[in-house]
Amino acid sequence: LQQGEAIAYGVSYTKNLANLPSNVCTPYFLAESARKLAKEYKSLSVKILDENQMSKLGMGALLGVAQGSAMDAYLICVEYQGAAKSKAPIALVGKGITFDTGGNSLKSPDNMVGMKYDMCGGATVLGTIKAACELQLPINIVGIIPAVENMPGGTAYKPEDILQSMSGQTIEVISTDAEGRLILADALTYCERYKPEYVIDIATLTGAVVIALGTHATGLISNDEKLSQSLLNAGIESNDRAWALPLWDEYQEQIKSPFADISNTGGRAAGTITAGCFLSRFAKKFRWAHLDVAGTAAMMMGGSERYATGRPVPLLTQFLIDKSQKNK
C-alpha cells in the first residue's frame, strides 16, 4: 500500500507538471519546480547550471538547441541521498524540451499541438524522485534535466550546422527537429562526474516509436543486457511495460556524417533505433538504458483528447524499489 501510494504521488506530480501550458512551464519554471521539490524533502539537494556555466563546460549541443529561444536554458541537477555517499548513484536523465516547434525544421501546425509534452522525460525524473523520497529508498539517485525551448528564428541553429558536444564529438545537424538527442548528449556526458552505477534516460524522442509500438509499450534500448532485463521486469511488475529494441552496429551506419563525427538523424528507417544509436555514442563509459516514451507519456488523440499519463514513473519506481531490496 505504501509503495502504491508513493507511486501515485509521483505519477500525479508528473502529470500535473506535464499538463501545464508552455507559457507557464518554461525552462525556468522547471528549474524552480525542482527547487521547490528539494525544499519539501530533506533528502534532496538541487544545483542549477545556467547558460554561462554550461558554455564553460563546452555544452555546445545543448546550447545550440537553446540559441533560438528568448528563454534561457538550464541544466537541472537533483540529488537524492538515501545511502552512504560512497554508494554509486543511479542517474535518471530526462529530456526537458518545454516546447518543441521543430526549430527551423518547423513542424506543421497540427503536429505542433501537444509539443508542450516534450518535457515529459524531465517531469518523469522529478516524479520518480518524489516517489523515492516518499518511500525513503536506501539508494542514491541523481536526476539530470536539460531544460530548453526549441524555437525557430534568426538566431536559431540550422540544418547543416555543426555543433561540438561536451564530449568533444562533433555533430552535423540534419534536422533541428531532432533536438532531444542533442540536449541529452551533453546531459549524458555531464553524468560521468557522478560515476553512476546505471544511467537511464527518459525522452519523448521519436515519432517512430509510436509507429513501432503504438501507445501501449515504451521503447527500450540499452548497452547492458542485465539492466535491460531489470527494466523489462519492473515494467511487467508495475503494468507499465516496455519493449526492447536492438542496438546493433549495423544501425550506426545510418548516422554517419561526411563533415562531423556523427549526424543527428539517420532517416525514417528504424528511427527509434538510430536515435538510440546516437545516444549510445555518449554513454560508452557506463551501463545505460534509453526509454523512448513518445507514445506512452502523453495521449494525443485530437484537440480535446490530450493528457499526460505519468508514465514511466511506475516502471522506474519499481526498478528503484527492486534495486533497493537487492542492496539490503
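Is D161 buried or exposed? I looked it up: D161 is buried, at a relative accessible area of 19%. My cut-offs are under 20% relative accessible area for buried, over 50% for exposed and partly exposed in between, with a 1.4 Å probe and protein chains only.

Before going on, a note on the source: this is a predicted model, where local features need pLDDT of at least 70, side-chain atom pairs count only at pLDDT 80 or more, and totals for chains, interfaces and linings use all residues. Residues are numbered from 1 along each chain as its sequence is written, and side-chain values use heavy atoms, with hydrogens and water left out.

**Salt bridges**

I found eleven salt bridges in the structure. The test is a side-chain nitrogen of Lys or Arg within 4 Å of a carboxyl oxygen of Asp or Glu.

D161 is in one of them: its side chain meets that of K158, at 3.3 Å from N to O. K158 is partly exposed, at 42% relative accessibility.

Next I checked D118, whose side chain forms a salt bridge with that of K95 at 2.9 Å, N to O. D118 sits in the loop between α5 and α6, and K95 in the loop between β3 (90-94) and β4 (96-100), so the pair ties together parts 23 residues apart in sequence. Helices (H or I, at least four residues) and strands (E, at least two) are DSSP runs, numbered from the N terminus. D118 is buried at 5%, and K95 is buried at 1%. I also noted that salt bridges with shared partners join K95, D118 and E179 into one network.

Then E40 and K130: they form a salt bridge with the closest N and O atoms 3.0 Å apart. This pair links distant parts of the chain, with E40 in helix α2 (residues 27-40) and K130 in helix α6, 90 residues apart. E40 is partly exposed at 46% relative accessibility, whereas K130 is buried at 9%.

**K116, a lysine without a partner**

Where is K116? K116 is in the loop between α5 (109-112) and α6 (120-135). I found K116 buried but with no salt bridge; E305, the nearest side chain of opposite charge, is 13 Å away. For charge, Lys and Arg count as positive and Asp and Glu as negative, while His and the chain ends are not counted.

What does the side chain of K116 have by it instead? A polar atom of that side chain lies 2.8 Å from the backbone oxygen of N19. Leaving aside neighbours within four places in sequence, K116 is in contact (heavy atoms within 4.5 Å) with A18, N19, L20, P21, S22, T98 and F99.

**Strands**

I went to β4 next. Five of its five residues are buried, so β4 is largely enclosed by the rest of the structure. β4 pairs with strand β5 (residues 140-150) in the parallel sense, over four bridges; two strands pair if DSSP finds at least two bridges between them. I97 has V148 as its bridge partner in β5.

Elsewhere I found an open sheet of three strands, in the order β6-β7-β11 with mixed pairing. β6 (162-164) and β11 (262-263) are at the edges with a single partner strand each, so one side of each has no neighbour in the sheet. β6 and strand β7 (residues 170-172) run antiparallel and are joined by three bridges. The bridge partner of Q164 in β7 is T170.

**Cysteines**

How many disulfides are there? I searched the whole structure and got zero; the limit is a pair of cysteine sulfur atoms within 2.5 Å. The closest cysteine sulfur to that of C77 is in C191, 8.5 Å away and too far for a bond. C77 is buried at 2% relative accessible area. C277 is in no disulfide either, with the nearest cysteine sulfur, that of C191, 20 Å away. C277 is buried at 0%.

**L213**

Last entry: L213 is in helix α8 (residues 208-213), and it is buried at 18% relative accessibility. Leaving aside neighbours within four places in sequence, L213 is in contact with T218, G219 and W243. I also checked L213 against I129: they are 84 residues apart in sequence and 27 Å apart in space, C-alpha to C-alpha.

Methods:
A polar contact is a pair of N or O atoms within 3.5 Å; within protein, one must be able to donate a hydrogen and the other to accept it, and residues adjacent in sequence count only if both atoms are side-chain atoms.
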